[in-house]
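Please keep the sequence and the 3D view at hand while reading.

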Amino acid sequence: MSLPKPVMRGLLGKRLRFHLPIAFTLSVIAAVAFKYAVTEPRKQAYADFYKQYDAMKEFSAMREAGVFESVRPSGE
Amino acid sequence: MLSVGHMGTLLARRAAAALLSTGSARMMASHGHEVSQQTDMSLPMYWDRLDTPLPDKPHQEQLSATDQALKRKETGPWTQLTKEEKIALYRLMFDKTYAEMKKPTNEWKTVIGGILFFIGLTGLVVLWQTHYVYPPAPRTFDPEWQAQQVKRMLDMRVGPVEGFSSKWDYEKGQWK
């Protein structure tokens, strides 16, 4: 009938000492993973797109398709 | 409007409402006629809660003669109490042990079952609604309109880098 006395103090400190490093590490991993899985490919995609981008050609194509209101296709 | 016959029906309706009123309303009108098992919430209560180890009052307050003798023995040195007496004193003070409070109940199965059942029922209701209640869809949902909409989005170069138009091959005139 004599159980050992349970731990009465320092419970929050013990929990924090265990969970905070894990939380911090997982957060850093999440940030790094997002950077290299999302932002870097996106920056590369934009760079590649604008490397071969001809603004006047795109404008003419859009104009001929008739999507502008200020300038109509060249035929009209 | 206020004829004798009409007054009669008004009074009859009032009497019927008084008879059919809810139990609590009737209890307020006739004190002491019914035995109610409601607890008096203004007095200290006992409850089994994981976060309240010592409730406001003991579990058993009406003690039999043997229990009163035990309580008197409790005022002395506890080393003289046997194990059974200690357990009996515990059971006088508390209803459930922490282990009994924490025992799993299988209530979650009922909850999940109820949730899924009512989601299914709602699905049937929505199905009926789509057939009997909803008006016809706007013309913007027609396939022809949708095709013209897609063509206009591609002409406008919507999302040209990573989005919509980036999936369209402008040279070949087809999806990539």
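A residue counts as buried when its relative accessible area is under 20%, as exposed when that area is over 50%, and as partly exposed in between. By that cut-off Glu85(B), with a relative accessible area of 19%, is buried. The model discussed here is predicted.

**Make-up of chain B**

- Chain B contains seven helices and two strands.
- Read from the N terminus, the order of these elements in chain B is α-α-α-α-α-α-α-β-β.
- Of the 176 residues in chain B, 10% are buried.
- The accessible surface of chain B is about 15000 Å², and carbon and sulfur atoms hold 64% of that surface.
- Among the contacts in chain B with a separation of 6 or more, 33% are between residues 24 or more positions apart.

**Salt bridges within chain B**

- Side chains of opposite charge can pair when their charged atoms come close.
- One such pair in chain B is Lys73(B) with Glu85(B), whose side chains form a salt bridge at 2.9 Å from N to O. This pair links distant parts of the chain, as Lys73(B) belongs to helix 3 (residues 65–74) and Glu85(B) to helix 4 (residues 83–93), with the two residues 12 apart.
- How exposed is Lys73(B), the partner of Glu85(B)? Lys73(B) has a relative accessible area of 33% and is therefore partly exposed, whereas Glu85(B) is buried.
- A further salt bridge joins the side chains of Asp169(B) and Lys172(B), with 3.7 Å from N to O.
- Asp169(B) is buried because its relative accessible area is 15%. Lys172(B), in contrast, has a relative accessibility of 59% and so counts as exposed.

**Salt bridges in the structure as a whole**

- Over all chains, the structure holds 12 salt bridges.
- In chain A, a network of salt bridges links Lys35(A), Glu40(A) and Lys43(A).

- The size of an interface is often given as the accessible area lost when the parts come together.
- Chain A and chain B bury about 950 Å² between them, and 66% of this area lies on carbon and sulfur atoms.
- Chain A supplies 11 residues to the contact, and chain B supplies eight residues.
- Two salt bridges are counted between chain A and chain B, and two residue pairs are in polar contact, both at pLDDT 80 or more.
- On the side of chain A that touches chain B, the elements giving two or more residues are helix 1 (11–51) and helix 2 of chain A. Helix 1 of chain A gives the most to this side, with five residues.
- The residues on that side of chain A comprise nine nonpolar, no polar and two charged.

- Which residue of chain A forms a salt bridge with Arg157(B)? The partner is Glu58(A), and the closest N and O atoms of the pair are 2.8 Å apart.
- The pair crosses between chains: Arg157(B) lies in the loop between helix 7 (143–155) and strand 1 (168–169) of chain B, and Glu58(A) lies in helix 2 (residues 55–65) of chain A.
- Both Arg157(B) and Glu58(A) are buried.

Definitions and conventions:
Residues are numbered from 1 along each chain as its sequence is written. Chains are lettered from A and ligands numbered from 1 in the order in which they are written. This is a predicted model: local features need pLDDT of at least 70, side-chain atom pairs count only at pLDDT 80 or more; totals for chains, interfaces and linings use all residues. Side-chain values use heavy atoms; hydrogens and water are left out. Helices (H or I, at least four residues) and strands (E, at least two) are DSSP runs, numbered from the N terminus. Buried means under 20% relative accessible area, exposed over 50%, partly exposed in between (1.4 Å probe, protein chains only). Contact means heavy atoms within 4.5 Å. Accessible areas come from the Shrake-Rupley method with a 1.4 Å probe; for residues, only the protein chains shown count as cover. A salt bridge is a side-chain nitrogen of Lys or Arg within 4 Å of a carboxyl oxygen of Asp or Glu. Buried area is the accessible area (1.4 Å probe) that two parts lose on being put together, summed over both. A polar contact is a pair of N or O atoms within 3.5 Å; within protein, one must be able to donate a hydrogen and the other to accept it, and residues adjacent in sequence count only if both atoms are side-chain atoms. Ala, Val, Leu, Ile, Met, Phe, Trp, Tyr, Cys and Pro count as nonpolar, Asp, Glu, Lys and Arg as charged, and the others, Gly among them, as polar.
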